[in-house]
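Dear colleague,

Please find the sequence and the structure below. A summary of what was found follows them.

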Amino acid sequence: MRKKQQGSAGGRRQGQRSGHRTHEFQVVVEQDEAGFFVAECPALKACYTQGRTYEEAIKNIRDVIALCLADLKARGAEIPRQAEIIGVKRIEVAA
């Protein structure tokens, strides 16, 4: 068993597992009007999906992130650095 190496590059974790690097991304999950959970990876353009449950949305976003990374690799493009999402705050504003 190989030990994972943690990198400081944009919050990515890089290690070797089955010959692949692992990357860590932050994901934003929201619930839409119909009750579906919508998951998005802001670091990767057009990387989003949904699920009927939170767990399904998380499983789906893992799959979509893997597809996005495979596409970037196939095109020889660099994997973007993850900007740190500091927090989400609910703010009430009168309009």
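Two strands are taken as paired if DSSP finds at least two bridges between them. In this predicted model, strand 4 and strand 5 (residues 48-51) pair in the antiparallel sense over 4 bridges, and the bridge partner of A39 in strand 5 is T49. Strand 4 also runs antiparallel to strand 3 (residues 28-31), to which 4 bridges join it; here E30 stands opposite V38. Strands 3 and 4 form a hairpin with 5 residues between them, and G35 in the turn has a positive phi of about 95 degrees. The covered face of strand 4 consists of F37 and A39, the uncovered one of V38 and E40.

The largest nonpolar core has 15 residues, and F25, C41, L44, C47, I65 and L69 have the most contacts inside it. Strand 4 (37-40) and helix 1 (54-75) each supply at least two of its residues, with the largest share, 7 residues, coming from helix 1. Beyond its neighbours within four places in sequence, I65 is in contact with F25, V27, C41, L44 and C47.

N60 also lies in helix 1. N60 counts as buried because its relative accessibility is 18%, and buried means under 20%. Residues up to four places away in sequence aside, N60 touches T49, Q50 and G51.

As to confidence, the chain averages a pLDDT of 84, and 80% of the residues score at least 70. Over residues 1-17, pLDDT stays under 50; the model has 29 contacts beyond four places in sequence for this stretch. Where pLDDT is low, the predicted coordinates should not be read in detail.

With kind regards

Note on methods:
Residues are numbered from 1 along each chain as its sequence is written. This is a predicted model: local features need pLDDT of at least 70, side-chain atom pairs count only at pLDDT 80 or more; totals for chains, interfaces and linings use all residues. Side-chain values use heavy atoms; hydrogens and water are left out. A nonpolar core is a set of buried Ala, Val, Leu, Ile, Met, Phe, Trp, Tyr and Cys residues joined through side-chain atoms within 4.5 Å. Buried means under 20% relative accessible area, exposed over 50%, partly exposed in between (1.4 Å probe, protein chains only). Contact means heavy atoms within 4.5 Å. pLDDT is the predictor's confidence in each residue, from 0 to 100.
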